[in-house]
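Hi,

Here is the structure I promised to pass on to you. Have a look at it first, and then read my notes below.

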Amino acid sequence: MASLTRDDVAHVAALARLELTEEELDTFTGQLAKVLDHAADVEALDTEGVPPTSHPLPLRNVLRADEPRPSLERDEVLAAAPSVEDQRFRVPPVLGEAP
Amino acid sequence: MSDATVLSALEVARSVRAGERTAVEVVQQHLEAIAGREGDIHAFNAVHDRDAHLAAEHLDRRIADGGDPGPLAGVPVALKDNLCTRGLPTTCSSRILEGWRPPYDATVVERLAAAGAIAIGKTNLDEFAMGSSTENSAFGPTRNPHDLSRVPGGSSGGSAAAVAAGFAPLALGSDTGGSIRQPASFCGVVGVKPTYGLVSRYGLIAFASSLDQIGPFAPTVADAATLLEVIAGHDPMDSTSIDQPSPELVRHLGEGVDGLRVGVVRELMGEGIEPDVRARVTAAAEALAAAGATVEETSVPAVSLGVSAYYLIAPAEASSNLARYDGVRYGLRVDAPTTPAMNLATRTAGFGDEVKRRIMLGTFALSAGYYDAYYGKAQQVRTLIIRDFTAAYDSFDLLLAPTTPSTAFPFGAKTDDPLAMYLSDVCTIPSNLSGDPAMSVPFGSGADGLPVGVQLLAPALQEVTMFRAAAVLEDAMAGEVGA
């Protein structure tokens with residue numbers, strides 16, 4: 001049983017784009033470790049040869065006829081965005097600092 | 001106790017169709033009920049008084065012109081605030097979506113309008129439907145109409161409370177691990193999780209896509225059946241929608257349970273279940289037997305693994321679904337010099353603690369080195385649960401179990417201990433993992449005087465059988481109260 005460390009929690013928080021305070025790191029580490037300890041019954045189970053189920057229905061691709069039809073109203077969609085310029089979503093620089 | 005007059009949806013629709021009252025009068029009456037007690041209960045994130053009024057006027061004109069107003073004519077319906085409503089705020093009770101107005105309606109919202117129902121408001125929930133008490137809402141908790149010091153359950157606590165308080169005869173919720181059935185049980189109303197894929201999820205903001213299902217809250221079994229008939233049926237907008245017409249539930253409600261085989265799930269009747277909850281399930285078993293069903297104890301061993309599997313699978317799916325809240329296209333943005341810094345600041349400020357906990361749990365379960373031990377294993381357990389249910393349904397038409405281990409608990413009782421909160425869903429989680437239908441039917445109260453729900457579980461697409469048994473339990477309860 002891998003036990004969850006503070007470093008693990010800091011790592012997954014970074015992967016999930018969340019920033020935690022030192023205090024939050026302590027709290028979440030304790031709480032998540034407790035939940036994962038409970039999941040030890042699953043981890044310990046012998047499931048050799050049991051196929052995984054990812055979904056209750058057999059998933060299949062669903063296609064419709066390739067006919068043009070109206071999509072969402074562009075103005076309505078852009079109206080919900082925090083920042084817009086020239087009919088596009090506006091974001092800060094992706095690489096490096098703003099000039 | 002609740003002193004509200006809880007009107008049956010079918011009675012409201014009948015009287016509106018018959019011209020005995022107008023839809024406007026019905027809406028007015030419910031808005032007054034809301035004005036009276038909403039300050040104590042906080043069932044709603046938004047009440048659509050003006051839009052509801054306009055819709056009611058429109059419906060009254062349709063009736064005056066001789067048009068068919070639909071099976072839910074003039075019936076106010078409260079919508080969980082994770083269902084998209086075009087032009088009206090949809091928040092998931094999260095800061096990260098505060099102020100967002102979707103550019104489209106969920107399929108269920110469209111179907112309700114087509115059936116003559118009136119959307120009266122958006123109900124409070126645990127943020128992104130993650131929780132079992134509606135204490136995790138960014139906009140404050142909802143209170144249980146039966147006892148304001150108790151939680152209404154969650155995550156659809158606002159919807160359950162709205163029906164129990166008489167704010168609306170019907171409500172919609174979503175059920176990922178029990179989020180309809182558990183609050184229905186705590187608030188003393190009927191709550192249904194349909195077969196996965198029976199109701200379109202188009203326009204339901206995703207939490208864990210392979211588990212989420214929209215379903216009804218109602219004061220009576222017939223009302224719940226009517227609402228489910230209206231919202232069920234194939235939808236090309238949802239690729240997981242089952243390609244079948246809506247089932248005919250109401251027509252079969254009175255057929256009873258004579259000759260049906262009912263199994264009481266042993267694993268959900270033992271340790272951890274309060275004795276008075278267990279006693280009500282036993283009383284329900286006796287009522288079904290008295291109505292002609294064969295009732296026996298049975299074993300579904302893998303259900304005891306449900307909570308562990310669920311809290312690896314659901315957060316994994318949630319961590320993926322909630323990646324879309326990046327501050328770019330909608331909702332909150334916290335400004336920062338670069339996009340990655342803006343993403344980080346936005347998500348850190350926008351999500352509450354329970355959502356962060358689950359995102360991290362899911363990210364961990366899916367991470368390299370742990371994927372096989374946690375997520376992969378949990379998916380295999382899902383197979384074991386499905387196998388055990390399938391085996392049980394070889395011998396039984398229905399299964400019976402508690403909906404929840406206890407009656408409604410006080411505020412704060414489990415907020416510092418996520419695992420304790422998670423374990424309160426032990427009875428409801430297995431059927432989300434299997435995709436089978438299940439419902440909670442009010443069946444009396446515990447020693448504390450608070451409502452107790454019993455849970456009926458059925459094989460996939462056997463809602464008709466499940467509702468027949470629910471109607472028998474409802475009749476038995478009416479007899480018990482009347483006696």
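**What I found**

Let's start inside chain B: Ser156(B) is buried, with a relative accessible area of 0%. Please keep in mind that this is a predicted model. You will find Ser156(B) in the loop that runs between β3 (118–123) and α5 (157–164) of chain B. What does its side chain meet there? The side chains of Ser156(B) and Lys80(B) are joined by a polar contact of 2.8 Å. Setting aside neighbours within four places in sequence, the residues in contact with Ser156(B) include Lys80(B), Asn124(B), Thr134(B), Ser179(B) and Phe217(B).

The loop between β3 and α5 of chain B also holds Ser155(B), and the peptide bond leading from Gly154(B) to Ser155(B) is cis, with omega near 5°. As background, most peptide bonds are trans, and most residues other than glycine have a negative phi.

Cys92(B) has a positive phi, near 55°, and is not a glycine. Cys92(B) sits in the loop between β2 (76–80) and α4 (107–114) of chain B. Is Cys92(B) buried or exposed? Cys92(B) counts as buried because its relative accessibility is 1%, under the 20% cut-off. Leu461(B) also has a positive phi, of about 65°, and belongs to the loop between β11 (451–457) and α15 (463–482) of chain B. Leu461(B) is partly exposed, because its relative accessible area is 33%, which lies between the 20% and 50% cut-offs.

Now for the place where the two chains meet. On one side are 53 residues of chain A, in contact with 65 residues of chain B. About 5200 Å² is buried between the chains, and carbon and sulfur atoms give 67% of that area. Leu18(A), Val42(A) and Thr53(A) supply 11% of what chain A buries against chain B, more than any other three residues.

How many salt bridges does the rule find across the interface of chain A and chain B? There are two. Separately, I would point you to the salt bridge between the side chains of Lys34(A) and Asp417(B), at 3.0 Å from N to O. On the side of chain A that touches chain B, α1 (6–15), α2 (22–38), α3 (40–44) and α4 (74–79) each supply at least two residues. α2(A) gives the most, with eight residues. By type, that side of chain A divides into 35 nonpolar, eight polar and 10 charged residues.

Enjoy exploring it!

Definitions and conventions:
Residues numbered from 1 in each chain as written. Chains lettered and ligands numbered in written order. Predicted model: local features only at pLDDT ≥ 70, side-chain atom pairs only at ≥ 80, totals over all residues. Heavy atoms only, no water. Contact = heavy atoms within 4.5 Å. Buried area = accessible area lost by both parts, 1.4 Å probe. Salt bridge = Lys/Arg side-chain N within 4 Å of Asp/Glu carboxyl O. Helix = DSSP H or I, 4+ residues; strand = E, 2+ residues; numbered from the N terminus. Nonpolar A, V, L, I, M, F, W, Y, C, P; charged D, E, K, R; others polar. Buried < 20%, exposed > 50% of the residue type's maximum accessible area, 1.4 Å probe, protein only. Polar contact = N/O pair within 3.5 Å; in protein donor to acceptor, adjacent residues only side chain to side chain.
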